[in-house]
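Subject: Structure for you to look at

Hello,

I am passing on the structure we talked about. Please open it first; my notes on what was found follow below.

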Amino acid sequence: MSELKHYFAPTNLDQAVECLKDGDVTILAGGTDLTPQSQAGRVKIKQTLMNIRHVSELAGITLEGDEIRIGALTTITEIMNNALVKQHLPVLVEACDQFASDQIRNAATIGGNICNASPAGDTLIPLLVLDASVELASMPEAELYRHSMPLSTFFIGPGKTRRSLCELVTCVRIPLPPENHVARFHKLGTRPALDISKISIGIAGTLKEGILSNVRVAFGAVAPTPVRAPRTEKALEGQRLDEATIAKVANVAKDEVKPIDDVRASAWYRKEMIHNITRRLLSHVAQT
Amino acid sequence: MSLKHDIEFTLNGIKRQVSVDVTMNALAMLRDVIGLTGTKYGCGEGECGACTIQVDGVSLNSCLMFAVDCDGRNVTTIEGLANDTTADALRDAFVEHGAVQCGFCTPGMIMQADHMVKSECCNDTDSIKRGIEGNLCRCTGYKKIVDAIAAVSGAQT
């Protein structure tokens, strides 16, 4: 890999994706991860460092049809304080509220959290259960080309995504939740602030007369990427949330995850907590 | 040789032009290039908040920011709050409540508290505690700091 030779701060999207054409580019957004990682030598900055801060198309939160569009440069604080998000996506606000510290929330961006692809990324679990999709822009020929993919297929490993080196994440789109939508998030850590999850859980669905349908379940920090949990979802789909169902589903969840031992928690503890917190969240949902 | 880039930004109300290493963080620029040493280096990874500054009206960790990213922006450090009414009140309250012991966390703590008081987000003790989650103090046990901020923000303790 070549040495850092250029610094570039594009002011529009065309310039930004054109710069990505040769692929040897490190993208700088909020910088809360790239700065310490590069200073410590854990991440090597490529031939070009591109600061996308001044690309205005990447900012802001808007309602587009029946989707909420959150620009990739939107900070965690901006998401938490946004009226649209507060009204329609309270589970995302909850996760943002547990994100790092005020100083980091003020700088860190949602696009950065997505592209970092940490198995424990705080916003990723609510985004997964909200059926979010990511939009990518590139310039294969002379024209700007955009395409979207579901966030659930975006992650392929720790720090690895299906974004090619020539692509830029421009925004995340979240469908407006239907009526009777419920969503819960829980992050388990040692302390509330500045902690990386031992595990995190998101559960969402439509709750009508005690029955949960269109179920989405996602787990953080139990696999190489944030993951949806299809077996747990299947066990919940169309079920009445009584005690027996909740107990059964908590066991399915525990069996479904294959976490590892690491410095934050043992695999055994993670499985136990997936069980207990799945049960707790479902009990909360049952009481709504 | 490391890559340099020229940036221009407003620092404590005054336009500055600086040539910085592209890989340098904002903290190193403030302390080592510009010579404003009020902003402290604690952990270098965003855990301790000793390097808190304000950029475009919000608080952030200068160790988690590229110096080149200051280009075109409005940066305030602890030195820039020397004649600020809110910060003056905070400084007096910190002294009065014994919220300064070794003093190393104090500039970052004041920067964060100033941002909190100005954005009116500290109505009670709990919100003050949440607000300073990103600032470590190893001396006071925090109570005196929380009391000092509450005295300025008018929060009930």
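The contact between the chains takes 25 residues from chain A and 26 residues from chain B. Please keep in mind that this is a predicted model.

On the side of chain A that touches chain B, three elements each supply at least two residues: the helices α2 (34-39) and α6 (102-105), and the strand β3 (48-51). The largest share comes from α2(A), with 4 residues. By class, this side of chain A has 12 nonpolar, 10 polar and 3 charged residues.

The other finding is within chain B. Chain B is divided into two domains: domain 1 covers 4-80 and domain 2 covers 83-153. Their C-alpha centres lie 21 Å apart. Where these domains of chain B meet, 14 residues of the contact come from domain 1 and 11 residues from domain 2.

Which strands of chain B each supply at least two residues of the side of domain 1 that touches domain 2? They are β3 (52-55) and β4 (58-61) of chain B. Of the elements there, β3(B) gives the most, with 3 residues. The side of domain 1 of chain B that touches domain 2 of chain B divides into 6 nonpolar, 6 polar and 2 charged residues.

Regards

Definitions and conventions
Residues numbered from 1 in each chain as written. Chains lettered and ligands numbered in written order. Predicted model: local features only at pLDDT ≥ 70, side-chain atom pairs only at ≥ 80, totals over all residues. Domains from an automatic or database assignment. Contact = placed C-beta atoms within 7 Å. Nonpolar A, V, L, I, M, F, W, Y, C, P; charged D, E, K, R; others polar.
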